[in-house]
Amino acid sequence: MGENIKIRFAEMDDLKEIVRIYNQAIETKRATADLEKITIDDRKQWMIDHKKDTYPVYIAEIDGEVAGWCSISPYRAGRRALARTAEISYYIDFNHHRKGIASKLVEHALSDCERLNIKNLFAFILSVNEKSINLLKKYGFEQWGYMPEAADLDGTICGHCLIGKQLK
């Protein structure tokens, strides 16, 4: 926890590291419902769509190395009535787990929501990912919904939790 963690906005040059870290999460079969690794090309448009003034991606660095990332994404993009509601996602490099990086990213994202005019922030989390559920609950998120047996992670069946928080 004593690491010097710097949070900044992601740039297109960070996409390689974003994809690498996300692919680590896919391998765990507990942090995302994706089952096959993605490529940089798969995520280029996603990165273009995540602009720092609307739906940013944040990078956590330790000593200049990308240690994790967090994104704020639109909920039902294009439906203006839902523009004040957004989804948070975060992924941490395996070499940097248990250093407080996810907490720093969530704190940073929450503090930026006023600037972004986001009033409701939520995450969809697989029920087997208890660490992420507990992390968000630490920041006042509550269970808003649950879909039982929604995911089949190559033979492991689990639910999908909707964890959310209303912001002031």
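What covers the buried residues of α4 includes β4, α3, β5 and β7, where buried means under 20% relative accessible area, exposed over 50% and partly exposed in between (1.4 Å probe, protein chains only). Helices (H or I, at least four residues) and strands (E, at least two) are DSSP runs, numbered from the N terminus. This is a predicted model, in which local features need pLDDT of at least 70 and side-chain atom pairs count only at pLDDT 80 or more, while totals for chains, interfaces and linings use all residues. Residues are numbered from 1 along each chain as its sequence is written, and side-chain values use heavy atoms, with hydrogens and water left out.

**The helix α4**

- Within α4, the residues S132, I133, L135 and L136 are buried.
- Seen down the axis of α4, the buried residues fall within an arc of 160 degrees (taken from the directions from the helix axis to the C-beta atoms), so they line one face of the helix.
- On the other side of α4, the residues E130, K131 and K138 are exposed.
- After α4 comes G140, whose phi is positive, near 90 degrees.

**The nonpolar cores**

- A nonpolar core is a set of buried Ala, Val, Leu, Ile, Met, Phe, Trp, Tyr and Cys residues joined through side-chain atoms within 4.5 Å.
- The largest nonpolar core has 32 residues, of which I72, I88 and L121 touch the most other members.
- At least two residues of this core come from each of β2 (57-62), β3 (65-74), β4 (85-92), α3 (101-116), β5 (120-126), α4 (130-138) and β7 (156-166), and α3 gives the most, with 8 residues.
- Leaving aside neighbours within four places in sequence, I72 is in contact (heavy atoms within 4.5 Å) with residues including Y55, Y58, I88, A109 and L121.
- A second, separate core of 16 residues includes I18, Y22, I38 and W69.

**The strand β5 and its partners**

- Strand β5 is mostly covered, since 6 of its 7 residues are buried.
- On one hand, β4 and β5 pair in the parallel sense over 3 bridges, where pairing requires that DSSP finds at least two bridges between two strands, and E87 stands opposite F122 in β5.
- The chain crosses from β4 through α3 to β5 in a right-handed β-α-β crossover, a term that applies if, with the strands pointing away from the viewer, the path from the first strand over the helix to the second runs clockwise.
- On the other hand, β5 and β7 run antiparallel and are joined by 7 bridges, with L121 standing opposite K165 in β7.
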